[in-house]
Amino acid sequence: MELFREDTIYLDFKAQSKHETIVKLVDLLDQAGILNDKNIYQQEILAREEQSTTGIGFGIAIPHAQTTAVKETRVALAISKNGIDYDSEDKTPVYLIFMIAACNDEADLHLQMLAQLSRKLIDPVFRNRLMACTTKKTALQILQEIK
């Protein structure tokens, strides 16, 4: 299973708010054929954000939901050059947004992906390499280092 693919990578992402960011990434996943029900998936993501922000600091947000609204587990990536006010834990803008869309029957994969992403994203060199990407192909090559 490919968790990252070029059709769910968004370079030079622009959004004014957390809500707009979520809507655009849900649209991206839907256009890639990942979702059974776009509206339910978006509601699940927003409900998760109401519990606590997924803006984890270091300029990173990892919105995620595990639901029957997802056909195929996938991670969408948005890279924002300007940063987005995402109501992050550390009150700083986010530049890298990883939206995890997980199938309902893949709880282990969902948690494993969250842990792997979090571990890799602590590395500032890795984050800077992603931020410097000018092509989806380059971004995909870097993302394949996440294990």
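1. Which residues of α1 are buried? In this predicted model, they are Lys18, Thr21, Ile22, Leu25, Val26, Leu28 and Leu29. Seen down the axis of α1, these buried residues fall within an arc of 155°, so they line one face of the helix.

2. After α1 comes Gly33, which has a positive phi, near 80°.

3. What do the buried residues of α1 pack against? Their partners are β1 (9-10), α2 (38-51), β5 (74-84) and β6 (94-103).

4. The crossing of α1 and α2 is right-handed. On the α1 side, the contact is made by Lys18, His19, Ile22, Val23, Val26, Asp27, Leu29 and Asp30. On the α2 side, Lys38, Tyr41, Gln42, Ile45, Leu46 and Glu49 take part. By class, this contact of α1 with α2 has seven nonpolar, two polar and five charged residues.

5. Gln42 deserves a separate entry. Gln42 sits in helix α2 and is among the residues that make the contact with α1. Is Gln42 buried or exposed? Its relative accessible area is 17%, and the cut-off for buried is under 20%, so Gln42 counts as buried. Leaving aside residues up to four places away in sequence, Gln42 touches Ile22, Val23 and Val26. Ile22 and Val26 are also listed among the buried residues of α1.

6. Most residues other than glycine have a negative phi. Phe58 is not a glycine, yet has a positive phi of about 60°. Phe58 is found in the loop between β2 (55-57) and β3 (60-61). With a relative accessible area of 52%, Phe58 is exposed.

7. Lys91 is the other residue in question. Its phi is positive, near 65°, and Lys91 is a residue other than glycine. Where is Lys91 found? Lys91 lies in the loop between β5 and β6. Lys91 is exposed, with a relative accessible area of 67%.

Notes
Residues numbered from 1 in each chain as written. Predicted model: local features only at pLDDT ≥ 70, side-chain atom pairs only at ≥ 80, totals over all residues. Heavy atoms only, no water. Buried < 20%, exposed > 50% of the residue type's maximum accessible area, 1.4 Å probe, protein only. Helix = DSSP H or I, 4+ residues; strand = E, 2+ residues; numbered from the N terminus. Arc of directions from axis to C-beta. Contact = heavy atoms within 4.5 Å. Left-handed = near helix turned anticlockwise from the far one by under 90°. Nonpolar A, V, L, I, M, F, W, Y, C, P; charged D, E, K, R; others polar.
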